[in-house]
Amino acid sequence: MKKKLLSVLLAGVMVLSLAACGSSGGSDDAGSDEGGGSEGGDKLVVWTWDPAFNIPAIEEAGKIYKETVNDKFELEVVETLSDDCETKLQTCAESGDFGTMPDIVLMQDNSYQKFVSFYPEAFTDLTDSGIDFSQFAEGKLSYSTVDGKNYGVPFDNGAVVSCYRTDILDQAGYTIDDITDIDWDKFIEIGKVVKEKTGKFMLSGQANSQDIIMMMLQSAGASLFNEDGTPNLVGNDPLNECIDIYQRMVEADIFYEVNEWDEYVSSITNEQCCGTINGNWITATIMGMEDTSGNWAITNMPKLVKSSGATNYSNNGGSSWYVTSNCKNTDLAFDFLNKTFAGSVDLYANILPTTGAIGTWGPAADSDAYQEPQEFWSNEPIFAKIVEFAEKTPTNNTSAYYYDVREVISTAIQDIMTGGNADDILKQAQADAEFYYE
């Protein structure tokens with residue numbers, strides 16, 4: 001029953017996962033119908049997307065591995081859209097034939113849990129691969145860890161950042177320090193002053209896609225799910241606190257609700273808001289506002305007030321590299337990943353200026369590239385700071401139905417915002433979420 005449901009549910013995953021990570025686009029030419037992995041030897045075939053982000057990163061990894069480890073090494077990169085990767089994996093799994101899968105595939109973090117739950121036979125266990133997983137941020141690593149086993153090598157960093165216009169804060173009498181290491185009560189207090197004195201909202205977000213709630217929850221190590229992955233919407237105190245904070249922000253007119261992703265981006269670029277809170281990939285969008293260079297700064301997000309385990313750190317988005325069960329030379333794949341994404345400071349330093357790809361591999365933050373002050377961001381070394389944020393992010397429970405239940409709670413929150421009874425709405429949301437587990 002669950003595997004049959006997956007074919008229906010994947011459509012939602014594919015659409016939602018694109019918005020969850022700023023770099024999940026790519027060419028319409030997937031180019032992935034030419035066969036699967038290599039036949040062994042010194043060659044690996046990789047599927048990934050985005051010629052401005054993921055593809056240059058994996059190609060640089062191949063170059064470094066060839067120059068420093070194995071001069072016979074060959075890397076074939078097949079540009080394959082994120083949703084195509086997932087669709088083709090599902091097709092292989094349903095047929096029971098993984099022969100057309102590549103050696104290595106990049107997958108969105110929150111999508112992966114669904115696939116490994118239904119099709120564990122599609123992936124290779126990396127636990128004993130020789131990779132030191134302790135050097136990756138724990139919060140990031142949890143997405144590719146199943147039943148205590150490591151299946152993926154984390155790549156791009158989804159650590160949450162709060163990005164603010166320092167000139168707008170200054171007009172309201174604040175500095176970036178005033179909005180650092182604070183809780184949501186203090187944030188709302190500051191937001192009211194900013195709105196009164198500047199006319200700007202503090203934040204914006206899609207009402208029908210509650211990323212802000214998900215980020216709030218993870219900041220306290222909480223989530224929409226129990227430890228076994230089942231939905232936890234009724235009697236979830238951190239969730240109730242998050243909904244209350246969200247309501248207060250909207251009612252105070254400091255949070256601008258929009259319906260579409262493009263509207264969210266426009267609310268930032270059109271300077272309707274003082275800032276935004278999101279995965280650090282949002283910085284690429286902000287840096288497109290070249291005339292505002294020097295007037296931006298990043299800091300951590302506000303923390304919950306009542307919930308135990310509250311921190312100022314969270315995650316939203318990101319992806320990891322996986323070795324498929326079709327790989328004929330797992331030793332080569334393991335070594336390649338171990339010497340590059342899990343072992344090369346030079347790799348992360350080289351791809352940072354050209355792609356903006358920030359990893360969660362701790363040693364990367366020690367490179368000069370990560371320590372370099374960024375003129376756009378008030379001459380602060382934001383890349384090192386983002387890695388630090390990732391290392392402080394709590395882990396939380398996730399589920400194969402992450403995106404499905406997120407959609408359920410987003411709808412429920414909209415109903416609550418229009419005056420519905422919160423207890424009744426959450427009970428119905430719980431029932432709706434449990435449908436996916438039947």
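The protein chain exposes about 16800 Å², of which carbon and sulfur atoms supply 43% (Shrake-Rupley areas with a 1.4 Å probe; for residues, only the protein chains shown count as cover).

User: What should I know before I start?

Analyst: This is a predicted model, so local features need pLDDT of at least 70 and side-chain atom pairs count only at pLDDT 80 or more, while totals for chains, interfaces and linings use all residues. Residues are numbered from 1 along each chain as its sequence is written, and side-chain values use heavy atoms, leaving out hydrogens and water.

User: How many helices and strands does the protein chain have?

Analyst: Helices (H or I, at least four residues) and strands (E, at least two) are DSSP runs, numbered from the N terminus. Here you'll find 17 helices and twelve strands. The radius of gyration (taken over C-alpha atoms) is 21 Å, close to the 22 Å from the globule rule (2.2 Å times the number of residues to the power 0.38) for 438 residues, so the chain is as compact as a globular protein of that length.

User: How do I read a sheet?

Analyst: Strands of a sheet pair through backbone hydrogen bonds, either parallel or antiparallel. We call two strands paired if DSSP finds at least two bridges between them. In this chain, three strands form an open sheet in the order β10-β7-β11, with antiparallel pairing. Its edge strands, β10 (275–279) and β11 (296–299), each pair on one side only. Five bridges join β7 (residues 160–165) to β10, and valine 161 has asparagine 278 of β10 as its bridge partner.

User: Which helix packs on the sheet?

Analyst: That's α15 (residues 382–391), which touches β7 and β11; contact means heavy atoms within 4.5 Å. The direction of α15 makes about 25° with that of β11 (axes are lines fitted to C-alpha atoms, for helices over the stretch in contact, and angles run from 0 to 180 degrees between N-to-C directions).

User: And how do I read a helix?

Analyst: An α-helix has 3.6 residues a turn, so residues three or four places apart point the same way. Take α13 (residues 345–355): Leu347, Tyr348, Ala349, Ile351, Leu352 and Thr355 are buried (under 20% relative accessible area; exposed is over 50%, partly exposed in between; 1.4 Å probe, protein chains only). Those residues pack against α2 (54–68), β6 (152–154), α14 (368–371) and α15. After α13 comes glycine 356, with a positive phi near 75°.

User: Is asparagine 150 buried or exposed?

Analyst: Asparagine 150 is buried, because its relative accessible area is 11%. This residue sits in strand β5 (residues 149–150), and its contacts beyond four places in sequence include Asp125, Phe133 and Thr145.
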